[in-house]
Amino acid sequence: MQQPADFMSEPIMSGLVVKNTGSWYMVKTDSGSLVECKVKGNFRIKGIKSTNPVAVGDHVDIKVNAGGTALITAIHDRRNYIVRKPSNLSKQLHVIGANLDQSFLVVTVSHPETPLEFIDRFLATSEAYRVPATLVINKADLYGEAERGVMHAMQHLYSGIGYECRVVSAVTGEGMDRLREALAGRVTLFSGNSGVGKSTLLNALLPHAGAKTGAISAVHDTGMHTTTFSEMFDTGNGGYIIDTPGIKGFGTFDMCREEVGHYFPEIFSTAAGCRYGNCMHLHEPGCAVKAAVEEGSIALSRYESYLSIMDDEEEGKYRPAY
């Protein structure tokens, strides 16, 4: 680790938040120094009720107190960010990454199986916060014929909607070169369920990252948490990866029922054919979306995910991944 910056000669600095442990932040200053910082006691982002007022990827100003401790005093305007709703805090959100060029959701067909609803919730959130999303289907080396059939069906479903799908294996190297190319010059958020091999994938892409890896539970075929905080890594080709803790569920936040359909591209485009302009695609007559589901041009799984998110606001639901 680099030595702390000279606090006395540079009392006020700007930098990039590259690590968050929940109690302190590591800021990489514009001069390249790494400074451990706390957040000023009354620091809050205007208009955002968040469990973490500062997130990895934020550009901030820091100031050093007379005692030599550094404080984050201001956050620069964010281009965008992605949030999720923690399972135990219905009124607050958790910012999992800021100032993103793209998001990569790492998923697996088995060992463990990533539920389609979890995928749809992440994609809808990426749409809501205007972050282009890609599905990264990992552990391709483990899949037999039946599992590869499921994988191809997943690719067909999501690529047909317009989402890029990448099949990779950190073990055999399948798809890894193209994945590295996609990271060049961009800030990319990596997210996914626990156990999908996100840390192994990160170590294959960036051997210097040293991300911890864990085993899969033999009982539940689910992952154990290995990453406990968010951290940003330099890819070496002009880009950054923001690695986030594995999550078991993805609660949506602040999506009003009238707008949920906007975050499902195929539902949004099909809704133009509905009889009523304010159609919610539930029980209304002349609903083009329901007709498309019945005809199979909109996947039933996607429509069910849409209904699930619609229920979030009404019932305060938090949907786990399993």
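**A walk through the chain**

The chain has 7 helices and 13 strands. Helices (H or I, at least four residues) and strands (E, at least two) are DSSP runs, numbered from the N terminus. This is a predicted model, in which local features need pLDDT of at least 70 and side-chain atom pairs count only at pLDDT 80 or more, while totals for chains, interfaces and linings use all residues. Residues are numbered from 1 along each chain as its sequence is written, and side-chain values use heavy atoms, with hydrogens and water left out.

Start with the whole chain. Of its 322 residues, 51% are buried. Buried means under 20% relative accessible area, exposed over 50%, and partly exposed in between (1.4 Å probe, protein chains only). Now take the contacts in the chain with a separation of 6 or more: 65% of them join residues 24 or more positions apart. A contact means heavy atoms within 4.5 Å.

Next, go inside. A nonpolar core is a set of buried Ala, Val, Leu, Ile, Met, Phe, Trp, Tyr and Cys residues joined through side-chain atoms within 4.5 Å. The largest such core has 45 residues. Ile62, Ile72, Ile119, Leu135, Ile137 and Tyr158 touch the most other members. Helix α2 (residues 145–161) gives this core its largest share, 5 residues. A second, separate core holds 27 residues, including Leu93 and Val95.

Now look at strand β6 (residues 81–84). In a regular strand the side chains alternate between the two faces of the sheet. In β6, Tyr81 and Val83 point one way, Ile82 and Arg84 the other way, and all are buried. Strand β7 (residues 94–98) runs antiparallel to β6, and 4 bridges join them. Two strands pair if DSSP finds at least two bridges between them. Arg84 has His94 in β7 as its bridge partner.

Turn to two helices. The axes of α3 (residues 176–183) and α4 (residues 198–205) come within 11 Å and cross at roughly 80 degrees. That makes α3 roughly perpendicular to α4. Axes are lines fitted to C-alpha atoms, for helices over the stretch in contact, with angles from 0 to 180 degrees between N-to-C directions. Angles under 35 degrees count as roughly parallel, over 145 as roughly antiparallel, 65 to 115 as roughly perpendicular and the rest as oblique. Met176, Leu179, Arg180 and Leu183 in α3 meet Leu201, Ala204 and Leu205 in α4.

Finish at Thr114. This residue lies in the loop between β8 (102–107) and α1 (116–128). Thr114 counts as buried because its relative accessibility is 3%. Beyond its neighbours within four places in sequence, Thr114 is in contact with Val107, Thr108, Ile119, Asn193 and Val196.
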